[in-house]
Amino acid sequence: MNRKKKKNILFIGVVVFCLILCGCTNPNDLEDKTNTISEVASDEKTEVIAEASSEVFEKSVPFHQGIWEARSYDRAIGWYEFSETYEGRKLDSNEGDAKAFTYETVDNQQVIFHFEEGEKVAEYRFGENGKIVTLTFEKDQITLFWISHGTLEDIGGLGLTFSVENVTPSGCTLICQQSGGYVSGDIVADKSFNLLMFSGNSWGWSDLIGSPTETIDIQKESNTEWTLDWTSYRENLSPGRYYLCFQIRDVRNKGGDWDSYYYRVEFQIED
């Protein structure tokens with residue numbers, strides 16, 4: 001046998017061996033290798049991958065996790081908070097308490113919300129990018145806009161936790177703790193605010209208190225506090241439950257590039 005034929009036979013043998021090896025590879029082995037790569041990746045890379053995957057909006061239910069702003073006739077009327085499962089909470093803008101619910105879908109056309117007081121059924125339709133959902137109920141229609149990875153306590157998902165101290169009928173001290181969150185710029189809070197007050201049988205809003213041009217910078221990974229006094233704008237508050245409501249912005253550029261969110265903080269005037 002000449003040298004050329006020997007080379008051809010050797011080449012064919014190598015090809016056949018490779019094909020046999022590939023055919024015998026266990027799919028689970030490939031999965032194990034993939035998992036190993038993920039496990040040895042740095043924490044920073046893992047966080048980036050997790051964050052990127054959470055930004056994938058699918059036109060499917062359960063609805064994407066986070067806060068969705070509810071609008072009717074282009075007017076904000078409240079928020080829906082959806083979890084990773086078929087659960088959530090609903091907060092109307094002129095109410096003090098959130099309502100928990102579960103939900104389900106029927107034939108990929110209807111969504112049924114189960115509240116403690118009963119059910120609400122709506123036809124649902126996704127917008128083009130999956131971040132908009134139109135809900136058509138029997139008597140009205142609302143549109144949900146996804147706005148953040150937050151909760152009803154931290155609507156912007158900016159890693160903010162609020163508490164109130166030194167509460168008197170004339171004012172209080174508002175304390176904001178910032179840690180983590182999805183922050184893209186500087187966090188700026190308005191010093192002006194509204195009060196949501198329960199009077200008689202319903203909640204109602206006060207006029208704007210303070211100057212809308214005054215702001216305070218919220219320091220990251222730290223506590224920031226400021227004193228509120230409403231006596232220049234209204235009388236002392238009577239005993240009862242109240243909410244401070246104010247705007248917070250995630251400012252990327254002071255020239256006009258920011259996201260704004262409305263926060264509320266509950267406090268109580270004791271007898």
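Strand 1 (residues 66–72) is mostly covered, with six of its seven residues buried. The model described here is predicted.

**The barrel**

Strand 1 has two partners to consider. With strand 2 (residues 75–82), strand 1 makes seven bridges in the antiparallel sense. Arg-71 has Ala-76 of strand 2 as its bridge partner. Strands 1 and 2 form a hairpin, and two residues lie between them. In that turn, Tyr-73 has a positive phi of about 50°.

Strand 1 also pairs with strand 8 (residues 141–148), again in the antiparallel sense, over five bridges.

What do the eight strands close into? They form a barrel, in the order 1-2-3-4-5-6-7-8, with antiparallel pairing. From one strand to the next, the twist averages 35°.

Tyr-124 has Leu-135 in strand 7 as its bridge partner.

Strand 9 and strand 10 (residues 171–178) run antiparallel and are joined by seven bridges. Val-164 has Leu-174 in strand 10 as its bridge partner.

As background, strands of a sheet pair through backbone hydrogen bonds, either parallel or antiparallel. The strand pairs described above are set side by side here.

| Strand pair | Sense | Bridges | Bridge partners |
|---|---|---|---|
| Strand 1 and strand 2 | antiparallel | seven bridges | Arg-71 and Ala-76 |
| Strand 9 and strand 10 | antiparallel | seven bridges | Val-164 and Leu-174 |

**The protein as a whole**

The protein has 17 strands and three helices. Of its 271 residues, 35% are buried. Take the contacts between residues at least 6 apart in sequence: 52% of them join residues at least 24 apart.

**The cavity**

Rolling a probe the size of a water molecule over the atoms shows where empty space is left. The structure holds one cavity of 30 Å³ or more. The volume of the largest cavity is about 30 Å³.

Which residues line the largest cavity? They are Lys-90, Leu-91, Asp-92, Glu-95, Asp-97 and Lys-99. Strand 3 (residues 87–92) supplies the largest share of this lining, three residues. By type, the lining has five charged residues, one nonpolar and no polar.

**A buried loop residue**

Ser-192 sits in the loop between strand 11 (186–190) and strand 12 (194–199). Is Ser-192 buried or exposed? Ser-192 counts as buried because its relative accessibility is 5%, and the cut-off for buried is under 20%.

Neighbours within four places in sequence aside, Ser-192 is in contact with Leu-208, Ile-209, Gly-210, Ser-211, Pro-212, Glu-214 and Phe-246.

**Backbone exceptions**

Most residues other than glycine have a negative phi, and most peptide bonds are trans. Several places in this model depart from that pattern, and they are taken in turn.

Pro-62 lies in the loop between helix 3 (43–54) and strand 1. The peptide bond from Val-61 to Pro-62 is cis, with omega near 15°.

Asn-108 has a positive phi, near 55°, and is a residue other than glycine. Its place is in the loop between strand 4 (99–106) and strand 5 (110–115). Asn-108 is exposed, because its relative accessible area is 65%, and exposed means over 50%.

Glu-221 is another residue other than glycine with a positive phi, near 50°. Glu-221 is found in the loop between strand 14 (215–218) and strand 15. With a relative accessible area of 55%, Glu-221 is exposed.

Notes
Residues numbered from 1 in each chain as written. Predicted model: local features only at pLDDT ≥ 70, side-chain atom pairs only at ≥ 80, totals over all residues. Heavy atoms only, no water. Pairing = 2+ DSSP bridges. Helix = DSSP H or I, 4+ residues; strand = E, 2+ residues; numbered from the N terminus. Axes fitted to C-alpha atoms, helices over the stretch in contact; angles between N-to-C directions. 1 Å grid on protein atoms, 1.4 Å probe; cavity = no way out; pocket = protein on both sides within 12 Å on 5 of 7 lines; lining within 4 Å. Points joined across faces, edges and corners; volume = space filled by probe spheres on them. Nonpolar A, V, L, I, M, F, W, Y, C, P; charged D, E, K, R; others polar. Buried < 20%, exposed > 50% of the residue type's maximum accessible area, 1.4 Å probe, protein only. Contact = heavy atoms within 4.5 Å.
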